[in-house]
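Please read the points below with the structure open beside you, and follow each one on the model as you go.

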Amino acid sequence: MGEEDLVRVHGWVSEVRNLGKVRFIVIRNWNERIQITLKRGMVEDSLFDLTENLTQESVIEVVGKEVKEKIAVGADREVIPERIIVHSLANPQLPLDPNWKVPAQVPTRFDNRPLDLRRPEIQAIFKIESSLLDGMEDWLRRNGFIRVFTPALIGAASESGAEVFKVLYFDKEAYLRQDPQLHRQLTILGGFERIYDLGTNWRAELSRTPRHLSEFRSLAVELAFIENEQDTMRVEEQIIREGIKRVVEERSKELELLNVDLDVPKVPFPELRFPKIYEILEEYGKIIEYGEDYDTESERLLWQYVRENYESDFFFVNRFPFKVKPFYVMKEDDTWARSVDLLYKGLELSSGGQREHRYDVLISQIREKGLDPRSLEWFTKFFAYGAPPHGGFAIGIERLLMKMLELSSVKEASLFPRDPDRILP
């Protein structure tokens with residue numbers, strides 16, 4: 001047999017079965033399971049000697065003939081080996097079983113995350129995430145947006161009231177960004193009209209809930225010359241739709257593995273507005289004081305309302321009370337702001353809307369919030385030199401993935417999750 005007739009496969013050893021004169025070695029890689037079949041008289045005896053003490057999770061490479069007639073049960077391919085290379089022999093005492101014959105508790109899984117990631121179900125999550133982001137970014141590029149990289153280190157906290165991580169920056173104190181919000185706005189003031197930033201953010205909140213991470217990713221979008229916050233909503237729903245559409249098109253195998261039935265959402269997404277929100281919540285027995293923000297229970301009740309009236313899992317909430325929003329949002333009037341949240345299955349995915357671009361109004365709103373205008377001059381002074389109407393949003397990727405795939409925690413949607421109790425591995 002010529003070398004051109006042979007195939008080369010590789011992977012981690014999932015199991016070894018010895019049946020007298022036959023040895024089956026099943027390997028897995030990130031695309032498939034392959035059975036390596038050794039039969040006495042058909043392969044060199046040296047291959048039996050080489051694989052005599054092969055342990056689960058050892059890494060091997062195999063060159064051989066692929067069996068075309070009949071696929072082995074529980075495998076995607078079958079190969080009769082001519083050569084086997086053992087790249088790495090695994091310790092037989094595994095802290096976690098990637099075959100999941102012995103399930104592990106969550107702390108053990110995250111303590112041994114590289115072994116946990118070998119499970120096809122876990123890899124499926126991140127393959128789906130990749131397709132999701134491909135679809136979202138492709139839509140943005142097709143519609144004139146360019147990707148930019150805004151700073152992760154900042155010299156002043158970007159949002160009042162939220163916890164920040166402090167870092168030593170040479171001889172000064174700096175912060176890890178909570179959101180690339182303000183620098184996206186400054187980029188718009190730099191003459192860029194349609195931008196997005198896909199990057200990491202940090203929040204130093206002592207939250208140990210299934211919906212919180214200390215380090216998370218967001219797809220943050222900003223666009224100029226908008227008419228109002230509706231323009232930002234139309235962009236956001238389209239990139240969500242295109243991302244999910246890409247997942248449905250490319251990741252049927254992974255969705256089936258996770259037992260997820262995913263539908264491409266219809267657009268436009270329903271929109272609920274304050275103060276009507278208070279009436280809706282009251283219908284479900286939830287009383288929120290007029291002019292105040294709602295809580296997490298209210299988010300789930302609003303989802304119930306949208307499901308019953310619009311048959312949608314996605315919906316926008318618009319015109320929040322200005323008193324509960326940051327200084328940079330644009331007011332609609334003295335009470336309400338052009339501030340928009342996107343919710344999915346009762347969980348907030350993003351905040352955004354229209355920003356205040358008028359310098360005098362911006363300074364007035366900073367004072368209204370009880371902030372010192374001098375502390376924000378690094379940001380606000382450029383609005384005095386010409387600023388277009390603009391707005392945007394930032395979508396939490398792990399949160400979107402968690403709800404799409406019905407994961408038990410947002411930590412499941414992070415390769416190496418960071419929370420108040422975990423900074424390693």
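1. The second largest cavity is lined by R203, E205, S207, H212, L213, S214 and P420, where a cavity is, on a 1 Å grid over the protein atoms alone, a set of points at which a 1.4 Å probe fits but cannot get out, and lining residues have an atom within 4 Å of a point. Its volume is about 30 Å³, a volume being the space filled by probe spheres set on the points, which are joined across faces, edges and corners. The lining comprises two nonpolar, three polar and two charged residues; here Ala, Val, Leu, Ile, Met, Phe, Trp, Tyr, Cys and Pro count as nonpolar, Asp, Glu, Lys and Arg as charged, and the others, Gly among them, as polar. By this rule there are two cavities of 30 Å³ or more.

2. Please keep in mind that this is a predicted model, in which local features need pLDDT of at least 70 and side-chain atom pairs count only at pLDDT 80 or more, while totals for chains, interfaces and linings use all residues. Residues are numbered from 1 along each chain as its sequence is written, and side-chain values use heavy atoms, with hydrogens and water left out.

3. The second largest pocket has a volume of about 440 Å³, a pocket being an open set of points with protein on both sides within 12 Å along at least five of seven lines. Of the 22 residues that line this pocket, E32, R33, P120, K253 and L257 are the closest to its centre. Helix 4 gives the largest share of the lining, five residues, and the lining as a whole divides into six nonpolar, five polar and 11 charged residues.

4. Eight strands form an open sheet of mixed pairing, in the order 6-10-11-16-15-14-13-12; strands (E, at least two residues) and helices (H or I, at least four) are DSSP runs numbered from the N terminus, and two strands pair if DSSP finds at least two bridges between them. Strand 15 (residues 347–354) and strand 16 (residues 390–396) pair in the antiparallel sense over five bridges, and G353 has G392 in strand 16 as its bridge partner.

5. Leaving aside residues up to four places away in sequence, K325 touches F320, S339, D341, S351 and K369, contact meaning heavy atoms within 4.5 Å.
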